[in-house]
Amino acid sequence: GAGGNMKSSQTTLAAAEVCYRYTYELPDPKPQIDLSKNVEGDDVTEVAAGTHPVKVVFTNRGTEALKGLVFTDTTNSGNDVVWNADQIAALKDLVLEVGKSVSIDGTVEVAVGETHKDTASITGTGVVSGVKVSDEDPTTLVPPAPEPKVSIGDYVWFDTDRDGQQDGDEPGVPNVLVKLFE
């Protein structure tokens with residue numbers, strides 16, 4: 001069965017008549033929900049500037065169905081995630097059966113030099129127990145580190161060890177003309 005215990009007892013009613021009584025004890029309902037994203041935990045993920053897909057998946061990991069699912073997403077920095085409104089609306093009437101999952105898709109625009117941080121969360125109520133459960137998952141998307149700025153100064157030296165640094169024993173070179181081309 002579904003994790004319950006079945007007990008039987010035997011009663012003798014009269015000669016040659018036997019009555020069996022079976023009782024089945026259901027396990028206590030234990031609601032539980034798990035939210036996961038295509039980026040797990042508060043992992044910091046480096047992304048290029050542009051539009052990025054985001055997917056959240058809710059899974060019923062408890063021992064009873066869940067109803068009254070409510071999804072929220074709080075943006076702490078950067079642009080808001082644009083979630084699929086039809087998928088969110090469908091949660092209202094959904095009963096999420098044990099072991100089943102449902103997902104919501106979205107996109108987020110990450111601008112150049114911008115860090116995006118948000119926390120998605122889901123709440124639901126056990127159909128039998130009436131117990132509310134929730135889970136959340138934060139995400140941080142960061143742009144790549146900016147390219148270091150390069151400059152050309154006004155001093156030229158003979159770099160004998162080719163390390164890009166002028167050492168004390170590397171003399172300067174006078175009267176050098178430097179031309180830059182694109």
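Phenylalanine 58 and phenylalanine 71 are both buried, a class that requires under 20% relative accessible area, with exposed set at over 50% and partly exposed in between (1.4 Å probe, protein chains only). The model is predicted: local features need pLDDT of at least 70 and side-chain atom pairs count only at pLDDT 80 or more, whereas totals for chains, interfaces and linings use all residues. Residues are numbered from 1 along each chain as its sequence is written, and side-chain values use heavy atoms, with hydrogens and water left out.

Aromatic rings of Phe, Tyr and Trp (its six-membered ring) are paired when their centres lie within 6.5 Å; planes under 30 degrees apart count as stacked, over 60 as edge-to-face and the rest as tilted. The count under this rule is two aromatic pairs. In one, the ring centres of phenylalanine 58 and phenylalanine 71 are 5.6 Å apart and the planes stand at 50 degrees, so the pair is tilted. Because phenylalanine 58 belongs to strand β5 (residues 50–60) and phenylalanine 71 to strand β6 (residues 66–77), this contact ties together parts that are 13 residues apart in sequence. Strands here are DSSP runs (E, at least two residues), numbered from the N terminus.

Phenylalanine 71 also meets tryptophan 83: the ring centres are 5.1 Å apart and the planes stand at 85 degrees, so this pair is edge-to-face. It links distant parts of the chain, with phenylalanine 71 in strand β6 and tryptophan 83 in strand β7 (residues 82–83), 12 residues apart. The relative accessible area of phenylalanine 71 is 11%, and tryptophan 83 counts as buried at 13%. Through these ring pairs, Phe58, Phe71 and Trp83 form a cluster.

Two strands pair if DSSP finds at least two bridges between them. In general, strands of a sheet pair through backbone hydrogen bonds, either parallel or antiparallel. Between β3 and β5 there are five bridges, and serine 36 stands opposite valine 57 in β5. Strand β5 is joined to strand β8 (residues 101–110) by 10 bridges; here glycine 50 has valine 110 as its bridge partner. Two bridges connect β7 with β8, where valine 82 faces threonine 107.

Aspartate 34 and arginine 61 meet at 3.7 Å, N to O. Aspartate 34 lies in strand β3 and arginine 61 in the loop between β5 and β6, so the pair ties together parts that are 27 residues apart in sequence. Aspartate 34 is partly exposed, with a relative accessible area of 24%.

Lysine 37 and aspartate 118 form a salt bridge at 2.9 Å, N to O. Since lysine 37 lies in strand β3 and aspartate 118 in strand β9 (residues 116–126), parts that are 81 residues apart in sequence are tied together. Lysine 37 and aspartate 118 are both buried.

Lysine 55 and aspartate 105 form a salt bridge, with their closest N and O atoms 2.9 Å apart. Lysine 55 is partly exposed at 35%, as is aspartate 105 at 30%.

Terms used
Helices (H or I, at least four residues) and strands (E, at least two) are DSSP runs, numbered from the N terminus. A salt bridge is a side-chain nitrogen of Lys or Arg within 4 Å of a carboxyl oxygen of Asp or Glu.
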